[in-house]
There are 2 protein chains.
Amino acid sequence: MGALEKGLLVIEALGAGTPKLTLSGVARRIGITRAAARRHLLTLVELGYAESNGKLFWLAPRVLRLGSGYIIAAPLPKLAQPVLDRIGERTRETASIAILEANDIVFLAHSLRRGILAANTQIGVRVPAFCTAMGRVMLAHLDDVKIEEFLEASEIRKLTVKTMTSRQDLLQEIRKVRADGYSISDEEIEIGLRSIAVPITNSRGQVVAAMSVSLQAGRMGVSDMIERLLPELEAGRREIVRLI
Amino acid sequence: MGALEKGLLVIEALGAGTPKLTLSGVARRIGITRAAARRHLLTLVELGYAESNGKLFWLAPRVLRLGSGYIIAAPLPKLAQPVLDRIGERTRETASIAILEANDIVFLAHSLRRGILAANTQIGVRVPAFCTAMGRVMLAHLDDVKIEEFLEASEIRKLTVKTMTSRQDLLQEIRKVRADGYSISDEEIEIGLRSIAVPITNSRGQVVAAMSVSLQAGRMGVSDMIERLLPELEAGRREIVRLI
DNA sequence: TTAAAGCGTGCGTAATGCGTACAAAATCTG
DNA sequence: CAGATTTTGTACGCATTACGCACGCTTTAA
């Protein structure tokens, strides 16, 4: 069913990066002929998923129905929400769960907020996995070959001066996470932001998500995080795994 | 290009309501033959947008790439963000923008949060338009016939005891909003939540979004909101309209 | 000013997706 | 509990759909 595949790729192409694209731009980006791109774009416009001025094409709000469905329908956020809220209340910090999608983590739920929340942590937001505690904790349960493939496919870039960018070091770090059972990102995403994360497994033991607590760097040091936040996360993790 | 159309409908069907659906269930819900539903579902599974155990089908995280693209790529949230932040800072309340999508409003951006935020206001979240200030302010710029059609198509239900549910009254209220140029929702969405909203127009004068300030009912009365918050919103509105 | 490269579009053809018809479950009923 | 009946999932031949080539036009470079 090629039409569906290409159409979805077109939507992804329009959603990634440049907001408005020309017909040929879309064709080039996903490697199809211009004629095909044209047919798909015109169809998407007709269906209301895209808009056009005849020259450029861009996404219409209707595509929100496609993605948001997952977040609404997914069972994990619902059953994890009370656990997140409790952790948030007990630690007075922000607790979140996220999943791995391509090279990014995607936030699915947060604890009810107390105090100011870091800017880029809202539901549906994507952050490169390689530099986040949640990302590493999910990667740690892959075998080394897969991890290397993942790192190879990732666009590794410095988000802060502290971001680890050597693929060698990252593999080493993820191996360490695998042994520890948790991961910490110390200002690697944003200066002033520290996170600690644990994996969430389904009943068959497969890692399906990660849960984290994030805080301003000034509030707690790394060793305190392990001592005070990790037990909370572990308790929450056990509870969620039981519910899944 | 029927395959694409039906495939997208299948995704929407899987995303709406029941998280897991059977093949025939999908077919029934969108009015296609079971054979067609089967082909589309199998393709979606193969492409990684859906998952299945052979009997039931559900969405895979990959669909997040489709919807989130719009929010990331849309220009409005980006250029409105500083305005929202300024309003948030000056009023010490939460400022948001949203668009109208089908029968709902969808939040696209918020001011940086100070204090506690109402639970169901995160980016991408949908709320029925008929009972929100932002929804009504966007509806007000349609003609009466369209508004009646909209109300007819909406599932009007009481979210709180204060929710206005008579289609007559709602039309009347929206007419009033049209005259006033702003709209207030007084605990119609959630007890304890008041909002005031103004429309955002593009350079051709078409209403493309709405901007609001929301607050806990205890903090400010309706007349104070008009007196103190509306001027801020108006100033922000002018600024955004200039930038569009 | 001309050449060249890039872009969007119409058209005949081959493959794709269509619905019908059948088999297998699941559900109802006496 | 067995037969009847509805409901569900699957295979196949045909018609439609989507494919890419080729053409004409626009924009960029020489």
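How much area is buried between chain B and chain A? About 4400 Å², and carbon and sulfur atoms give 67% of that figure. Keep in mind that this is a predicted model.

**Where the chains meet**
- On the chain B side, 48 residues are in contact with chain A, and 49 residues of chain A are in contact with them.
- If you're wondering about the area figure, the size of an interface is often given as the accessible area lost when the parts come together.

**Charged and polar links**
- There are 6 salt bridges between chain B and chain A.
- To see a salt bridge for yourself, look for the side chains of Glu12(B) and Arg62(A), at 3.4 Å from N to O.
- Several elements of chain B give two or more residues to the side that touches chain A: α1 (2–15), α3 (34–47), α4 (64–73), β4 (94–101) and β5 (104–110).
- Sorted by class, that side of chain B has 28 nonpolar residues, 12 polar ones and 8 charged ones.

**A look at helix α2 of chain B**
- Helix α2 covers residues 23–30 of chain B, and its buried residues are Leu23(B), Gly25(B), Val26(B) and Ala27(B).
- Those buried residues of α2(B) are covered by parts of chain B that include α1, β1 (21–22), α3 and β3 (56–59).

Terms used. Residues numbered from 1 in each chain as written. Chains lettered and ligands numbered in written order. Predicted model: local features only at pLDDT ≥ 70, side-chain atom pairs only at ≥ 80, totals over all residues. Heavy atoms only, no water. Contact = heavy atoms within 4.5 Å. Buried area = accessible area lost by both parts, 1.4 Å probe. Salt bridge = Lys/Arg side-chain N within 4 Å of Asp/Glu carboxyl O. Helix = DSSP H or I, 4+ residues; strand = E, 2+ residues; numbered from the N terminus. Nonpolar A, V, L, I, M, F, W, Y, C, P; charged D, E, K, R; others polar. Buried < 20%, exposed > 50% of the residue type's maximum accessible area, 1.4 Å probe, protein only.
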